[in-house]
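This report describes how parts of one chain pack together. Please look over the sequence and the structure before reading on.

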Amino acid sequence: MTLDEAIATARMRSVPALEARAAFVSDYWAWRAYQASRLPTLSLIGQLGNLNRSWQRSLHPDKAEYVYVRTNNLQNGLTLQASQNIALTGGTLNLSTSLYRTDELGLQKTGWNAVPVSFSYDQPLFSYNSFKWDKLISPKAYEKAKRVYMETMEDVTLSAVQCFFGVMEAQKLYEVAQTNYDNSTRNLSIAKERLALGSITREDYLQLELDMLSDSLTISERGVSLREARMQLNSLLGLDETREVETVLEEALPALVMDYDLVLRKTAENSSFHLANDISLLEAESAVARAKADRGITLQLNASFGLSSVAPEFRAAYANTIDQEVVGLSFSIPILDWGRGRGRVKKAEAAADVVRAQVEQAENDKRISLFTAVGQFNNQRQLCDVSRRASAIAQERYGLMIEKFRSGKATVLELNNARTESDGAIQKYVQDISSFWRYYYTLRKLTLYDFLAGDDLTVNFEEMTQ
């Protein structure tokens, strides 16, 4: 399996990838709910079987005074209502039609009240307009959800890179341990013959024997490490534990140099970072606006216009309708609240100042982290070239040192030093290649930009939400 194949499998089958898709779908339906709130709604409202047997206060038509009368009736009614929220003003416009029936149980009489059409408008004045702030925040929140999904998938990619090279490093170390054991076994056999001839000390012979025993244990330890690394990779890729992934090292690295200005620009255009800051600022401003609105005068304008009729029969209820108008203004003026309203405003303003300072600091920190990430990547390509050459030289030197030892021209100490350097160079080369791709995909996550293809990363979100 190559690195690209491991990444593609992880993005398709891993649990974190599935969780990211589920999280985005949840955000998508929250966005759909916001869009639905901007559209008209149609509701059927009913009152069925409302029995009223009680004493009620009523104005006597002849005596011009209030009297208590016995009420014994059954009321039923239906209202079909269409409503539309007005984002600009924060009001609500309603269009409805209603029909009510009242049965006087004691008198065996039936009355109908029809309202064929009625327009009403409810308008809060000088109050917090939630529709306005939702219109500013919700589109940004949905766009942020898209970018967070893409960044989360890049996190999956980084996990795949880590697990892939974890297997590769364990694989290389296991192969090195096997090679070292084969060499130490052969060297011990040759040393045994040289010991008999007196060309090697017993101390050196015992050191070689100790090296062979140590190498045999190292094979076992590194075999366990390799199996553990493969299990971690299989877990991420959604593969069965019995599958043994053989990692393939692609040594050719892309000739790519990162430009800081390009990285900075693409981060501003594509990442969720700046959107999150914008949303934080808007939410802080919204909290201040709410605190100020709740502190002052509250006015509510209610107006209703329509046609209405009352009749003892159903058909007659829709004849001879007369117009009806209801207009009212309600208000609330805080006279003495002991400074609670002012305190809430000051608290919201202080919180907004903190958010603005945090956003400014986060912007500065982001630029520093981007500069560091670009520098790390550009330096890593040279490190990979150096470590590749160092690995080849160390392995060749170790091979030559084995031949010199077997011909009696090198000591055990020189042989062990050459082996240690060769083992370390092989491991460092794999680690440097791993760091190269880790730095690359970190920059790709920060910018949501494919530097190899020279284009922004894209996802078919509509297909995902089907």
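The model is a predicted one.

**Nonpolar cores**

The largest nonpolar core contains 56 residues, and Phe 165 and Trp 437 are those with the most contacts inside it. Two or more residues of this core come from each of α1 (3-13), α2 (15-37), α3, α4 (202-237), α7, α8 (412-447) and α9 (461-464). Helix α3 gives the largest share, 15 residues.

Another core, of 14 residues, lies apart from this one; Leu 188, Ile 200, Val 412 and Ala 418 are among its residues. In soluble globular proteins, nonpolar side chains tend to be buried together.

**Ile 190 in helix α3**

Ile 190 belongs to helix α3, which covers residues 130-197. Its relative accessibility is 18%, so Ile 190 counts as buried, the cut-off being under 20%.

Along the chain, Ile 190 and Phe 405 are 215 residues apart, while 9.3 Å separates their C-alpha atoms.

**Packing of α6 and α7**

Two packed helices are described by the angle between their axes and the distance between the axes. For helix α6 (residues 272-295) and helix α7 (residues 340-406), the angle is about 170° and the axes are 8 Å apart. Because of this angle, α6 is roughly antiparallel to α7; the cut-off for that term is over 145 degrees.

The residues in the contact of α6 with α7 comprise 12 nonpolar, four polar and eight charged.

Technical notes
Residues numbered from 1 in each chain as written. Predicted model: local features only at pLDDT ≥ 70, side-chain atom pairs only at ≥ 80, totals over all residues. Heavy atoms only, no water. Axes fitted to C-alpha atoms, helices over the stretch in contact; angles between N-to-C directions. Helix = DSSP H or I, 4+ residues; strand = E, 2+ residues; numbered from the N terminus. Parallel < 35°, antiparallel > 145°, perpendicular 65-115°, else oblique. Nonpolar A, V, L, I, M, F, W, Y, C, P; charged D, E, K, R; others polar. Buried < 20%, exposed > 50% of the residue type's maximum accessible area, 1.4 Å probe, protein only. Core = buried A, V, L, I, M, F, W, Y, C linked by side-chain atoms within 4.5 Å.
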